[in-house]
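Open the model in your viewer and follow along, one selection at a time. Each stop says what to pick and what is there.

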Amino acid sequence: MNSVRALIVDDSSVMRKIVERCVRQAGIDLSSVFQAGNGAEALAILAENKVELILCDINMPVMDGLEFVKKLSSVENAKGVPVIMITTEGSESHVVQALSAGARGYIRKPFTAEHVRDSVVPLLRVKV
Amino acid sequence: MNTRPEVRRDEQSAQETWGPLLELSVREVFELMLGCTLTAPEGPSDETLDIIAMVGLAGQLCGVMSVHCSTKSGTSMACNMLGVEADQVGSEMCDAMGEICNMIAGNFKNKIAGLGDGCLLSVPTVITGSDYSLRSLTNTHALEVRLLFEGSPIVITLQIHT
């Protein structure tokens, strides 16, 4: 896998741009980036598009990140796709909740491109 | 760095214990997300601080975290976060300010034992302009950190409801 289609889910447009920039700075080649402001918008995108990586906030309006991750098991285009949660909620119980819901990794804000690389690259199995 | 003192709510201990943690939380957010080091002010400033971002805390710790600065500083913070020029920032300045405040609040509570699970954060609110007053309906005391961002003052305040 050389290039990656990613879905970034966050209610802040600024944070979505920062996440995309950090992913690129981490050396991951993004062929396309889909953006959603909440879990419901993300599910609508996944109904019509395949991605290889999902980066998702937890606290969002309409549908939060935990509910979104739980619903992914029934989404054909999301089967086997790694989900990384990126959030300010850094408590142990939030991490457990996210991983139990199906997330494969967890990044606490504030973060750097190095944090993103350490969490994402092992899941993508790409050379960067 | 992740210091883990016990939760203490009285005013003096909060200032002694949480004051340094609040400053550390602020500095970490600016260094990691904006790539800049904040400096200590050498004296008072007459610069108008006309934008404030606020995040509410509820649970074991109730209060309001706020970041107060000038529009010029807010725009510059957004530029640093997004990697764009000032004329490209527009309405995303408020979004950026809200996110900065949110990250400071989250970073701060994650440094205090027991608060991570027992304290929830609200969605950020951002107010622009300086002709307003802010009142709390409960008793409060405040922790305040004053620093310089690119030579301009920023004030980070945690109002704690008791």
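Select chain A. Read along the sequence, its pattern is β-α-β-α-β-α-β-α-β-α. That makes five helices and five strands; helices here are DSSP runs of H or I with at least four residues, strands are runs of E with at least two, and both are numbered from the N terminus. Chain A has a radius of gyration of 13 Å, close to the 14 Å that the globule rule gives for 128 residues, so it is as compact as a globular protein of that length. The radius is taken over C-alpha atoms, and the rule is 2.2 Å times the number of residues to the power 0.38.

A word on the source before moving on. This is a predicted model, in which local features need pLDDT of at least 70, side-chain atom pairs count only at pLDDT 80 or more, and totals for chains, interfaces and linings use all residues. Residues are numbered from 1 along each chain as its sequence is written, while chains are lettered from A and ligands numbered from 1 in the order in which they are written.

Stay on chain A. Its C-alpha trace spans about 35 × 35 × 25 Å along the principal axes. Of its 128 residues, 41% count as buried. Buried means 20 or more other C-beta atoms within 10 Å of a residue's own; exposed means 12 or fewer, partly exposed is in between, and C-beta atoms are placed from the backbone. Among contacts in chain A with a separation of 6 or more, 69% join residues 24 or more positions apart. A contact means C-beta atoms, placed from the backbone, within 7 Å.

**The sheet of chain A**

Show the strands of chain A. Five of them form an open sheet in the order 2-1-3-4-5, with parallel pairing. Two strands pair if DSSP finds at least two bridges between them. Strand 2 (30-36) and strand 5 (105-108) of chain A stand at the edges, each with a single partner strand, so one side of each has no neighbour in the sheet.

Now pick strand 1 (residues 4-9) and strand 3 (residues 53-56) of chain A. They pair in the parallel sense over four bridges. One to find: A:Val9 has A:Cys56 in strand 3 of chain A as its bridge partner.

**A loop stop**

Select A:Asn77. It sits in the loop between helix 3 (65-71) and strand 4 (83-87) of chain A. Is A:Asn77 buried or partly exposed? A:Asn77 counts as partly exposed, with 15 C-beta neighbours inside 10 Å. Leaving out residues up to four places away in sequence, A:Asn77 touches A:Leu46, A:Asn49 and A:Lys50.

**Chain B**

Switch to chain B. It has four helices and six strands. Along the sequence they run α-β-β-α-α-α-β-β-β-β. The C-alpha atoms fill a box of roughly 45 × 35 × 30 Å, taken along the principal axes. Of the 162 residues of chain B, 40% count as buried.

Select strand 2 (residues 63-69) of chain B. Seven of its seven residues are buried, so this strand is largely enclosed by the rest of the structure. B:Gly63, B:Met65, B:Val67 and B:Cys69 point one way, and B:Val64, B:Ser66 and B:His68 the other.

Strand 1 (residues 51-59) of chain B runs antiparallel to strand 2 of chain B, joined by seven bridges. A hairpin of three residues links the two. Look for B:Gly56, whose bridge partner is B:Val64. Strand 6 (residues 152-161) of chain B is also antiparallel to strand 2 of chain B, with six bridges. There, B:Met65 has B:Leu158 as its bridge partner.

**Where the chains meet**

Show both chains. In all, 20 residues of chain B are in contact with 17 residues of chain A. Which helix of chain B gives the most to the side that touches chain A? Helix 3 of chain B does, with nine residues.

Notes
Two residues are in contact if their C-beta atoms, placed from the backbone, lie within 7 Å.
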